[in-house]
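User: Hi! I'm new to reading protein models, and I'd like to learn how to look at some features. Could you walk me through this one?

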Amino acid sequence: MCFNLTDDQELIRRSVADLSQRFDDQYWMNKDLSHEFPGEFYTAIADGGWLGITIPEEFGGHGYGITEASLLAEEVARSGGGMNAATAIHLSIFGMQPVVLHGSSDLKRRTLPQIATGDMHVCFGVTEPGAGLDTSRITTTAKRRGDHYVVNGRKVWISKAQESDKILLLTRTTPQSDVEKKTDGMTLFLTDLDRSHIDVRPIRKMGRNAVSSNELFIDDLPIPVEDRVGEEGEGFRYLLDGLNPERMLIAAEALGLGRAALDRAVRYAGERVVFDRPIGMNQGIQFPLADSLARLDAAELILRKATWRYDQGLSCGREANTAKYLCADAGFTAADRALQTHGGMGYAEEYHVARYFREARVMKIAPVSQEMILAYLGSHCLGLPRSY
């Protein structure tokens, strides 16, 4: 086994880190507090060519794997941008995997080059109010009408819908009662987010407020057949090609945010003097931070294994889910300890760890909860009876 990054991977890490440093903590605090999309950061990432990191070269991208994309995501989060920075760009990366692998040549030609340049914003439309993580129970329907489909339904927690031109939309084309397997009969589209048929409503939330989360109300949305990804009824299977990369990129972002929080905590612990000594001399401060270092390092190893397996075309469900579970836990714990290390000042916005804490907390919920990951590992990996 070799744990060294390739020259290209090291170059990606350094280049993205250098670019991200142009946007400091004050920039991200201002964007978060004003609920303003980080357009300057998005443009800089797009101009650097990073949005197309996993898009094939023939469509204007770099053709790299999820390993390289995870390095990008980790550095973006580690810069202090956290989940505000990462969510502004990562849907253009992992969300397009089903299109790259299963979309028609025409669909890829019409969309991927503009996504790679950043000229086309996209969002991911899967979750519904009445289905949650049980995707088989979605009720958004797409009915074929000649050369187009008509879609009706609701989606919720759709990040970046305010800014997006296109939506990768999962629908049901065959009622669940008419299919043998409950995940059959779902169809995936990459289509226009047409405001004349889609009402986009922002959701007020605890953190990560520079990138909106939204509820969508879809009313008779016409979708050309040409916007369908692959075959009708196979959408859930195609979607899986985006879900494991999503878990890996989220894990990388949690890892990066955890390291950013730990860096701030260590710096403050070395500078803050109480009772004539830096508080970092106290084991009550030092040991939790050292423990977080160990947990972040361990979580990184399973993430690297997960992305390697995906890029090699191997099964990676166990590793992808484990990486998300451990990175989310390690990242949040580091953010929590950073806030505690700062004491009362940790609760003040000016030290930024309060923002890290808020953004790290959501990683234990989205895109899949820690409990559902344990349920997956218990049934799919340990062979125990399914608990859901």
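Analyst: Happy to! This is a predicted model.

User: Where is the line between buried and partly exposed?

Analyst: Buried means under 20% relative accessible area. Tyrosine 268 has 12% relative accessibility, so tyrosine 268 counts as buried.

User: How many aromatic pairs does the structure hold?

Analyst: There are nine aromatic pairs. One of them joins tyrosine 27 and tryptophan 28 edge-to-face, with 5.0 Å from centre to centre and 90° between the planes. Tyrosine 27 and tryptophan 28 are both buried. Another edge-to-face pair is made by tyrosine 268 and tyrosine 351, with centres 5.8 Å apart and planes at 85°.

User: Why does the pair of tyrosine 268 and tyrosine 351 tie together parts that are apart in sequence?

Analyst: Look at where each partner sits. Tyrosine 268 belongs to helix α8 (residues 235-271), while tyrosine 351 is in the loop between α10 (317-341) and α11 (353-361), so the pair links parts 83 residues apart in sequence.

User: Which residues do ring pairs link into a cluster?

Analyst: Phe23, Tyr27, Trp28 and Phe41 are joined into a cluster by ring pairs.

User: What sits over the ring of phenylalanine 217?

Analyst: That is the charged end of arginine 201, 4.1 Å from the ring centre. In a second case, arginine 361 lies over the face of phenylalanine 332, at 5.6 Å from the ring centre.

User: Is arginine 264 buried or exposed?

Analyst: Its relative accessible area is 18%, and the cut-off for buried is under 20%, so arginine 264 is buried. Arginine 264 lies in helix α8. Setting aside neighbours within four places in sequence, arginine 264 is in contact with Asp25, His342, Tyr351, His352, Val353 and Tyr356.

User: And how do I read a pocket? What is the volume of the second largest pocket?

Analyst: Start with volume, then ask who lines the space. The second largest pocket has a volume of about 550 Å³. Its lining has 17 residues, and the closest to the centre are Cys2, Phe3, Arg304, Lys305 and Trp308.

User: Which helix gives the most to the lining of the second largest pocket?

Analyst: That is α9, with seven residues. Both α4 (66-89) and α9 (283-311) supply at least two residues of this lining.

Definitions and conventions
Residues are numbered from 1 along each chain as its sequence is written. This is a predicted model: local features need pLDDT of at least 70, side-chain atom pairs count only at pLDDT 80 or more; totals for chains, interfaces and linings use all residues. Side-chain values use heavy atoms; hydrogens and water are left out. Rings of Phe, Tyr and Trp (its six-membered ring) pair if their centres lie within 6.5 Å; planes under 30 degrees apart count as stacked, over 60 as edge-to-face and the rest as tilted. Buried means under 20% relative accessible area, exposed over 50%, partly exposed in between (1.4 Å probe, protein chains only). Helices (H or I, at least four residues) and strands (E, at least two) are DSSP runs, numbered from the N terminus. A charge sits over a ring if NZ of Lys or CZ of Arg is within 6 Å of the ring centre and within 35 degrees of the ring normal. On a 1 Å grid over the protein atoms alone, a cavity is a set of points where a 1.4 Å probe fits but cannot get out, and a pocket is an open set with protein on both sides within 12 Å along at least five of seven lines; lining residues have an atom within 4 Å of a point. Grid points are joined across faces, edges and corners, and a volume is the space filled by probe spheres set on the points. Contact means heavy atoms within 4.5 Å.
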